[in-house]
Amino acid sequence: MMQQVQEECQKCRGTGQDFSDADRCKKCDGKQVSREKKVQEIVVDKGKRHGDKVVLRGAGDQKPNVEPGDVVVVLQMVKHDTFDRDGNHLLTKMNIDLVEALCGMSRPLKHLDGRTLLITRKPGQITEPGEIYTVIGEGMPTQRDPTTCGNLMIKFDIKFPESNWTSPEQIKKLESVLGPRPPQPTNINVAEVEEVVLHDFDAEHMNGRAGHGGGNAYDEDGDEDGPQGPGGVRCATQ
């Protein structure tokens, strides 16, 4: 059986021209292309987001008589220590003292572009814990209109003083400024009221109790009354 096969000439490498070893290019070894490293400058426009692509036209591999391809760079946004991004908006947290929350505050905040913003609340403006306040126009630039920016949103956490932080006399003075406590309800029977004390929550202690007992106060009360079925229903005796 005879078979005809076409393949590239190993001597001229399909160019139709052959050179002696003395005339062959030492850099490319006659392949007409050579491999080298090249540094490309990538320009990232303002407002680009995670996953956006930057295309370098014609920066791909080159071959004779072949149009070079493109280099596609996919942007990966690195998490920032201070700011989180939500679209064109920036989010951050700020911890302030109780006196700042009640009497006004002024805190510096270094922005992404190196500027320092002075975050200010005037005396008489109450800053509530967990609330979010907005600085207009200090977010991320809009991609197609860098002159228009989103907003900077700040969530405030209030640091309260520790227990027994001042004297009873000072507490009375504080009450005179903040106003009296709400009055106690008058429609309750004093004999039926039991005063209890609040303690700091200890998750480890609670988990330990759950591990030993596996139940709660209601389960313990039910054990004293005798055997019970699922859902607290008393089992019938035979």
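This is a predicted model: local features need pLDDT of at least 70, side-chain atom pairs count only at pLDDT 80 or more; totals for chains, interfaces and linings use all residues.
D84 is partly exposed, at 40%.

## Other salt bridges

The structure has six salt bridges. Side chains of opposite charge can pair when their charged atoms come close.

E100 and R107 make one of the six. Their closest N and O atoms lie 2.9 Å apart. E100 is buried, with a relative accessible area of 13%. R107 is partly exposed, at 26%.

D113 pairs with R115 in another salt bridge, where the closest N and O atoms are 2.7 Å apart. D113 is exposed, at 51% relative accessible area. R115 is partly exposed, at 37%. Shared partners join D113, R115 and E138 into one salt-bridge network.

## The aromatic pair

The model holds one aromatic pair. Y133 and F156 form it, with ring centres 5.6 Å apart and planes at 70 degrees. Edge-to-face requires planes over 60 degrees apart, so this pair falls in that class.

The pair links distant parts of the chain. Y133 sits in strand β7 (residues 132–135). Y133 is partly exposed, with a relative accessible area of 21%. F156 is buried, at 2%.

Notes
Residues are numbered from 1 along each chain as its sequence is written. Side-chain values use heavy atoms; hydrogens and water are left out. Rings of Phe, Tyr and Trp (its six-membered ring) pair if their centres lie within 6.5 Å; planes under 30 degrees apart count as stacked, over 60 as edge-to-face and the rest as tilted. Helices (H or I, at least four residues) and strands (E, at least two) are DSSP runs, numbered from the N terminus. Buried means under 20% relative accessible area, exposed over 50%, partly exposed in between (1.4 Å probe, protein chains only). A salt bridge is a side-chain nitrogen of Lys or Arg within 4 Å of a carboxyl oxygen of Asp or Glu.
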